[in-house]
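Let's take a walk through a protein together. Have the sequence and the 3D view ready, and follow along as we go.

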Amino acid sequence: MTDTAMWDLIVIGGGSAGLVASKTAAGLGARVLLIEKDRLGGDCLWTGCVPSKTLIFSAHNASLGRPTPADFAATMRAVHNAIQTIAPADSREALESNGVSVARGGARFLSARTLAFGGAETRFKQALIATGTSPKQPRLAGATGLHVLTSESFWGLRELPGELVILGGGAIGCELGQAMARLGSHVTIVQRGPRILPKEEELAARIVHEALLADGVTILTGRCAVAATSRDQRSGTITLDDG
C-alpha cells in the first residue's frame with residue numbers, strides 16, 4: 001500500500017456490498033484492497049439483518065407462547081451472541097484468506113485513478129464506493145440533549161421500554177415496532193405519509209398494517225412529531241403536528 005502500488009480494484013466500505021465485491025473480484029484474479037474506517041460487516045452484521053432477525057425470532061416465539069429468554073436483557077444477549085457468531089465470516093482474516101488486502105482508515109480521492117490513504121498516494125484501475133448510510137436524527141423542539149434511539153444505537157438497549165414511540169413507518173420501523181410489541185412494549189408508530197411502508201405495494205402495506213394492529217401497535221398516519229419534553233433525557237412526551 002505504498003505510492004508505487006497499483007490495485008486492480010479499491011473498495012471503500014466493508015459492508016455487505018463491499019465484502020461481496022472484494023471477494024468476487026479477488027476470486028476472479030484481481031488485486032483488491034478493501035478500506036474500512038470502522039467495523040467490517042457493516043449494517044447487515046452490526047445493526048441490520050443479523051440483530052433484527054434474531055430479535056424478530058425471539059419476538060415471534062413470544063407471540064406463539066413458545067419458550068423464550070427469561071427477560072429482555074436475555075433476548076438482547078442472544079442478539080449480540082448471534083452477531084459474534086457470524087462476525088468471523090466478515091473478518092479481516094476471512095477476507096485475506098480469499099485474497100483481499102484489508103486496510104483500516106479513511107480515503108480521499110485525488111484524481112480518477114489515485115487516492116490518498118495512509119499518508120501516501122495510492123493508484124488503482126477501478127474503485128467502488130460502498131460507504132453506506134447513517135441514521136438521520138429528527139429535529140424536534142425541546143429535544144436538545146434528549147437520548148433518541150436510532151437503528152444503530154437501538155441495539156444497546158438492555159431494558160424493555162414500557163412505551164416506545166417510533167418515528168417512521170418504513171421497513172425498519174415496522175419490524176422493530178412489531179418485535180418490541182410482541183416482547184411486551186406498548187408501541188406507537190408515527191408515519192408522516194398516508195400509510196406505512198410507502199415504498200412497498202399498497203396491498204402488502206395493508207397486510208402489515210393489520211398485523212401490527214393485531215399485535216397491539218398503535219399506528220398514526222398523516223402525522224409528524226414536532227416537539228419533545230423530557231425530565232430525564234430518556235422518557236417524556238412527544239407532541240405531534242395536530243397538537
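A residue counts as buried when its relative accessible area is under 20%, as exposed when that area is over 50%, and as partly exposed in between, using a 1.4 Å probe and protein chains only. By that rule, Trp 155 is buried because its relative accessibility is 4%. Across the protein, buried residues account for 38% of the 243 residues.

A quick word on what you're looking at: this is a predicted model, where local features need pLDDT of at least 70, side-chain atom pairs count only at pLDDT 80 or more, and totals for chains, interfaces and linings use all residues. Residues are numbered from 1 along each chain as its sequence is written, and side-chain values use heavy atoms, with hydrogens and water left out.

**The overall layout**

Taken along the principal axes, the C-alpha atoms fill a box of roughly 60 × 40 × 40 Å. The protein has seven helices and eleven strands; these are DSSP runs (H or I with at least four residues for helices, E with at least two for strands), numbered from the N terminus.

Six of the strands make an open sheet with mixed pairing, in the order S3-S2-S1-S6-S5-S4. Two strands pair if DSSP finds at least two bridges between them. S3 (100-104) and S4 are the edge strands, each pairing on one side only. S2 and S3 are joined by five bridges in the parallel sense, and Leu 34 has Val 102 in S3 as its bridge partner.

Elsewhere, S8 (residues 186-191) and S9 (residues 218-221) run parallel, joined by four bridges. Thr 188 has Thr 218 in S9 as its bridge partner. Together with helix H7 (residues 202-214), these strands make a right-handed β-α-β unit: with the strands pointing away from you, the path from the first strand over the helix to the second runs clockwise.

**Rings that meet**

How many aromatic pairs does a search of the whole structure find? There are two. Rings of Phe, Tyr and Trp (its six-membered ring) pair if their centres lie within 6.5 Å; planes under 30 degrees apart are stacked, over 60 edge-to-face, and the rest tilted.

| Pair | Distance of centres | Angle of planes | Type |
|---|---|---|---|
| Phe 109 and Phe 124 | 5.9 Å | 80° | edge-to-face |
| Phe 154 and Trp 155 | 4.8 Å | 85° | edge-to-face |

The pair of Phe 109 in S4 (residues 108-109) and Phe 124 in S6 (residues 120-129) links distant parts of the chain, 15 residues apart. Phe 109 is partly exposed because its relative accessible area is 36%, while Phe 124 is buried because its value is 2%. Phe 154 is buried too, with a relative accessible area of 4%.

Most residues other than glycine have a negative phi. Leu 197, which isn't a glycine, has a positive phi near 50°. You'll find Leu 197 in the loop between S8 and H7. Is Leu 197 buried or exposed? It is buried, because its relative accessible area is 10%.

Gln 233 is not a glycine either, yet its phi is positive at about 65°. Look for Gln 233 in the loop between S10 (225-230) and S11 (236-240). Gln 233 is partly exposed, since its relative accessible area is 30%.
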